[in-house]
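Me: Could you take a close look at one part of this model for me, the place where the ligand sits, and walk me through what surrounds it?

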Amino acid sequence: MSVNKEVKRITTHILQEMKLRGEKISMLTAYDFSMATILDDAGLDVLLVGDSASNVMAGHETTLPITLDQMIYHAQSVVRGAGRSFVVVDLPFGSYQGNSKEALNSAIRIMKESGAHGVKLEGGTEVVDSIQRIITAGIPVMGHLGLTPQSIYKFGTYTVRAKGEEEAEKLKTDAIALEQAGCFAIVLEKIPALLGKEVSQSLHIPTIGIGAGPDCDGQVLVVNDMVGLTKGFKPRFLRQYLNLYEGIKEAAQSYVKDVKGNDFPNEKEQY
Ligand code: KIV
């Protein structure tokens with residue numbers, strides 16, 4: 001299906017219509033201006049300024065260390081590059097779990113200081129109060145269920161979630177609670193494909209899957225993984241479209257060779 005570039009800006013309303021007519025939603029993460037410009041030009045519906053920036057941009061082992069100020073900096077850069085895509089920003093760990101007022105203040109800072117179009121936060125029924133308060137202030141909220149990396153130390157592993165009946169039931173209850181709270185979409189991360197299908201079919205709002213099977217209403221990947229910038233990270237759900245790690249390494253090796261060999265700059269590359 002071709003990308004409709006007539007649309008000036010993707011909105012939550014358009015994402016809802018896409019679910020209704022069965023058009024899949026395309027989403028990738030972005031953390032800087034250059035990448036956002038390329039992805040926007042490529043026709044991505046949604047750009048997620050994910051707290052995975054903590055891993056792929058800053059080199060941390062988990063998403064926990066990234067701060068609200070750092071997320072706002074990434075979001076500002078992405079917003080400047082996004083003409084058509086809807087930009088969603090993760091509320092980082094520690095910026096919303098305290099209480100709903102803290103959550104609202106963090107969401108307001110993101111919207112006011114970056115110009116993004118919505119926020120995302122992890123969790124189910126336990127964050128419903130915060131979600132309602134943020135939405136009441138007019139800020140669109142995307143939920144996130146299944147593997148929730150901000151709780152990694154509670155679970156201890158990044159393995160597939162909700163394989164057992166009890167966890168699957170909790171996820172289904174959480175998904176309905178998020179929809180009723182007013183979320184415009186929900187990310188489902190690393191859950192069985194059949195559960196991804198069941199949840200997607202039971203909701204009116206779109207689901208965006210990452211390792212949650214083909215029946216979600218859209219798909220998201222971390223862009224650095226998708227273009228092969230992250231070395232040695234190959235989970236089953238990842239389709240790698242490029243090998244930029246090797247491509248950039250080869251380019252850098254050629255540059256080193258040219259500089260050392262006095263081949264760069266040549267006569268045409270000087271004033
Ligand atoms: O931070 C992130 O990149 C995410 C995606 C994995 C959905 O939340």
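Reply: Happy to! The ligand takes up the space of the second largest pocket in this predicted model. Around the ligand you will find Thr 29, Leu 48, Gly 50, Asp 51, Ser 52, Asp 90, Lys 120, His 144, Val 187, Glu 189, Ile 210 and Val 222. By residue type, this shell splits into four nonpolar, four polar and four charged members.

Ser 52 places a polar side-chain atom 2.5 Å from an oxygen atom of the ligand. For Lys 120, an N or O atom of the side chain is 2.9 Å from a ligand oxygen. With Asp 51, the corresponding distance from a side-chain N or O atom to an oxygen atom of the ligand is 3.0 Å. As for how covered the ligand is, on its own it would expose 260 Å², and the protein buries 95% of that.

A search of the whole structure turns up zero of them. Take Cys 183: the closest cysteine sulfur belongs to Cys 216 and is 15 Å from its own, so the two are too far apart for a bond. Likewise, Cys 216 takes part in no disulfide, its nearest cysteine sulfur being that of Cys 183, 15 Å away.

How values were computed. Residues numbered from 1 in each chain as written. Predicted model: local features only at pLDDT ≥ 70, side-chain atom pairs only at ≥ 80, totals over all residues. Heavy atoms only, no water. Near = heavy atom within 4 Å. Polar contact = N/O pair within 3.5 Å; in protein donor to acceptor, adjacent residues only side chain to side chain. Areas by Shrake-Rupley, 256 points an atom, 1.4 Å probe, with all protein chains shown as cover. 1 Å grid on protein atoms, 1.4 Å probe; cavity = no way out; pocket = protein on both sides within 12 Å on 5 of 7 lines; lining within 4 Å. Sits in = over half its atoms within 2 Å of the grid points. Nonpolar A, V, L, I, M, F, W, Y, C, P; charged D, E, K, R; others polar. Disulfide = S-S within 2.5 Å.
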